[in-house]
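Here's a quick briefing on how the pieces of this protein sit against each other. Have the structure open while you read.

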Amino acid sequence: FECRVPFRACRIYLLAAVAVSALIPALHIPVYPAAPVVFPSVAGQAGPQWEGIAGFFESAATVSAAEPIRTPGWPDMLSDALLVAYAVAVFVFVVLFAMRLAAIARLRRQARLTRFRDFVLAEHAAVRTPFSFLRTVYLGEGFDGSRRSIVLRHETSHVRHRHSVERVAMEAMLCVLWFNPFAWVAARRLREVQEWEADRDVLDAGCDLTDYRTTLFSQLFGCNPDMTCGLSHSFTKNRFLMMTRNKWGRFAGWRLAAALPFVGGMLCLCGFTTRTTDDYKTATVHIASDGSVTLNGRPIAKEELLDFVTAEREKFAEADR
């Protein structure tokens, strides 16, 4: 068997894919915005005090003969309710994320620390399964001899590749994209790739394949925090198969590059939009021959009308004014 794509490229790709999935829906790049619709005054129907008002409207707002400004209905209320539900879910995920970070920090304070050049070893009886987080390797009781050496090689590989930083970044994005099933799939794949890379480093260092697999099986029923890197993550048949693959495919880079046209198409499809007058709030303004003005059927003074237009104009982005 051959490995198709380098592990580092896979990790970067998975993190970037989740980040782009959050970025694309937020893009709003107007293309060929529609010109404002203006109904100029008819000669002789407007008093001299209203001369130039059409030019003011043309530069400051969109005025069209449309329906009066509608009041919020059930679609707006449903949208607000969904937004509130989303915000509550994000808050819950952020709180759980912070609690897990606090639990790891508390465990580190209670553990016996031994400092090495590249990492810190934290030993505590509460650690059922070895794992690493940032530059600290957490180890429990009962690890000595060859098992201890294998475990430390595996966890220091995670430390060296900064896998925990990537895991924290992924968990943070999941707090925002909790509703996206593809983000959860990408997070699971990231854990698998990181474990494959650590497995490869241990075997490349000269560890016997049978001894290493036996050590993994001995940790099968252990558990550790999801955002950490540990031996018990990703116990699948594919993980054992990947231990026997030590070559990259000939076209590994091209496999990743093949996804670029798809990403570019999604950017164009979701990011570039055409703005029309339907995107704007519309109002009906009537100027009578005697100089009186109504806004959506309500009498209004000249100063009030200018204030209304100015206030509505400030709600738009600079490019849309």
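In which kind of crossing does helix 1 pass helix 6? Helix 1 goes past helix 6 in a left-handed crossing. Keep in mind that this is a predicted model.

**The whole protein**

- The protein has 11 helices and 10 strands.
- Of its 321 residues, 35% are buried.
- If you take the contacts with a separation of 6 or more, 72% of them are between residues 24 or more positions apart.

**Helix 1 against helix 6**

- Helix 1 covers residues 7–26 and helix 6 covers residues 181–204; their axes are 9 Å apart, and the packing angle is about 165°.
- Angles over 145 degrees count as roughly antiparallel, so helix 1 is roughly antiparallel to helix 6.
- On the helix 1 side, the contact uses F7, R8, C10, R11, L14, L15 and V18.
- Facing them from helix 6 are A183, A186, R189, L190, V193, Q194, W196, E197 and R200.
- Sorted by class, this contact of helix 1 with helix 6 has 10 nonpolar, 1 polar and 5 charged residues.

**Helix 1 against helix 5**

- Helix 5 (residues 163–176) packs on helix 1 at an angle of about 20°, and the two axes are 10 Å apart.
- With the roughly parallel label going to angles under 35 degrees, helix 1 and helix 5 are therefore roughly parallel to each other.
- Helix 1 passes helix 5 in a left-handed crossing.
- R11, L14, L15, V18 and A19 of helix 1 make this contact with H163, E166, M170 and M173 of helix 5.
- By class, the contact of helix 1 with helix 5 comes out as 6 nonpolar, 1 polar and 2 charged residues.

**Helix 4 against helix 6**

- Helix 4 and helix 6 have axes 9 Å apart and pack at an angle of about 125°.
- That pair is therefore oblique.
- Here the crossing is right-handed, with helix 4 passing helix 6.
- Helix 4 brings I150, R153, H154, S157, H158 and R160 to the contact, while helix 6 brings Q194, E195, E197, A198, D199, D201 and V202.
- The residues in the contact of helix 4 with helix 6 split into 3 nonpolar, 4 polar and 6 charged.

**V151: buried or exposed?**

- V151 sits in helix 4, which spans residues 145–160.
- Buried means under 20% relative accessible area, so V151, at 0%, counts as buried.
- V151 and T215 are 64 residues apart along the chain, yet their C-alpha atoms are separated by 8.2 Å.

**Two backbone spots to look at**

- Most residues other than glycine have a negative phi.
- L134 has a positive phi, near 55°, and isn't a glycine.
- You'll find L134 in the loop between strand 4 (131–133) and strand 5 (136–139).
- L134 is partly exposed, with a relative accessible area of 43%.
- R162 also has a positive phi near 55°.
- The loop between helix 4 and helix 5 is where R162 lies.
- With over 50% being the mark for exposed, R162 counts as exposed because its relative accessibility is 58%.

Notes. Residues numbered from 1 in each chain as written. Predicted model: local features only at pLDDT ≥ 70, side-chain atom pairs only at ≥ 80, totals over all residues. Heavy atoms only, no water. Helix = DSSP H or I, 4+ residues; strand = E, 2+ residues; numbered from the N terminus. Buried < 20%, exposed > 50% of the residue type's maximum accessible area, 1.4 Å probe, protein only. Contact = heavy atoms within 4.5 Å. Axes fitted to C-alpha atoms, helices over the stretch in contact; angles between N-to-C directions. Parallel < 35°, antiparallel > 145°, perpendicular 65-115°, else oblique. Left-handed = near helix turned anticlockwise from the far one by under 90°. Nonpolar A, V, L, I, M, F, W, Y, C, P; charged D, E, K, R; others polar.
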